[in-house]
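Here is a short note for a colleague who has not looked at this chain before. Please read it with the model open.

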Amino acid sequence: MAIAQSPDTFVTVAVWTGAVALALTLLLSIQILLMRLSLRRRERREARVLARWRPLLNQAIVGEHPSLPVLEPGERLPFLRLWVHLQGSLRGEATDALNALARELGADRLARAFLARGARQERLLAVLVLGHLRDREAWPQLLPLAELSDSALSLTALWALVRVDPEAAAEYLTPLFIEREDWALSHVAGILQQAAAPTAAVLGRVLPTLPAERLPRALRIAEALRVPLPGPVLAGSLRSSAVPVVIAGLRSVITPETIAEVRALLTHEDWQVRVQAARALGRIGAREDAERLRALLADPQWWVRYRAAQALRELPALSRADLEQLRDSLTDRFAADMLQQVLAEEETA
């Protein structure tokens, strides 16, 4: 049997519900107001810090030696952010001057302290500071960060390690870069660019020991850095039975040491291998390779024909008149059309 409720009960519930909703709205409004006030106070405080320190940093950049005040606790984070911003846009003696100023203020010790016990954003900032300073004392603290799952923090730490000691970083980081598939190759190449030579040496040493599934990434790192690998090491990858390894090896060919292996791959059963072999021959080939590439102009795969035509255009020993004569001698209509297309692209480039 249902119990009837009086109208007064419904009114009371409605009043209390409205009162609670109003109170929550007021609390939320107060919280938003407080957050805005806090943000404005922080912005004003940072503006004062920038107004105080930017002129001093600018004086250091132009070669002057300003008298430095004490870096107050409330100024540390805004100052470091400004300092890092300036470092990112300068080169040469100006960066050295900023480094000297930062060390005089104890920014290296401050950054190491943030790295040890700061929040994530503070640690990121600290890593950037220590990388620009090339702070050798921070090496033991930076190493564990390089293996974190946090990609932003780990990649920034890797960049700092390369700045601190390129040779030691190449030894440590190259195997790590090969292992970590979650790190984009563009980021890897950008970080290792300052350690390209030692990285090439490490790659040449470790490539023969890698399992087949790791070889393509290692070879792509070499390609991204445009570093020459030892001929015997690269030749081994070009003779591999694994197509991904062969393709990655062909993309890494930049010297004629492995030209015999490249020529042999022009007739590979996989069309993607033939594509990369044609491109590689365009980079390292000689005049005598024109006939080999001419044969590829009749390949059943469009991309093979296209890359063969491009490779013919890139051969240093062939002039445009030679290419036009070759085009006119072709009896295969598709081959002639492809070579004409590439010659037309050159005219509009």
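The points below go from the overall fold to the core.

1. The model is predicted, and this should be kept in mind throughout. Its secondary structure consists of 19 helices and zero strands.

2. The chain has a radius of gyration of 31 Å, whereas the globule rule gives 20 Å for 349 residues, so the chain is more spread out than a compact globule. Along the principal axes, the C-alpha atoms fill a box of roughly 95 × 85 × 45 Å.

3. Of the 349 residues, 44% count as buried. For contacts between residues at least 6 apart in sequence, 64% link residues at least 24 apart.

4. The accessible surface amounts to about 18,800 Å², and carbon and sulfur atoms account for 57% of it. As for charge, there are 42 positive and 40 negative side chains, with the centres of the two sets 6 Å apart.

5. Which residues have the most contacts inside the largest nonpolar core? They are Phe-79, Trp-83, Leu-142, Leu-158, Phe-177, Leu-250 and Leu-312, in a core of 112 residues. Helix α7, residues 151-164, supplies the largest share of this core, with nine residues. As general background, nonpolar side chains in soluble globular proteins tend to be buried together.

6. Apart from neighbours within four places in sequence, Leu-142 is in contact with Leu-115, Val-127, Ala-157, Ala-160, Leu-161 and Val-164.

Notes:
Residues numbered from 1 in each chain as written. Predicted model: local features only at pLDDT ≥ 70, side-chain atom pairs only at ≥ 80, totals over all residues. Heavy atoms only, no water. Helix = DSSP H or I, 4+ residues; strand = E, 2+ residues; numbered from the N terminus. Rg over C-alpha atoms; globule rule 2.2 N^0.38 Å. Buried < 20%, exposed > 50% of the residue type's maximum accessible area, 1.4 Å probe, protein only. Contact = heavy atoms within 4.5 Å. Areas by Shrake-Rupley, 256 points an atom, 1.4 Å probe, with all protein chains shown as cover. Lys, Arg positive; Asp, Glu negative; His and termini not counted. Charge placed at Lys NZ, Arg CZ, Asp CG, Glu CD. Core = buried A, V, L, I, M, F, W, Y, C linked by side-chain atoms within 4.5 Å.
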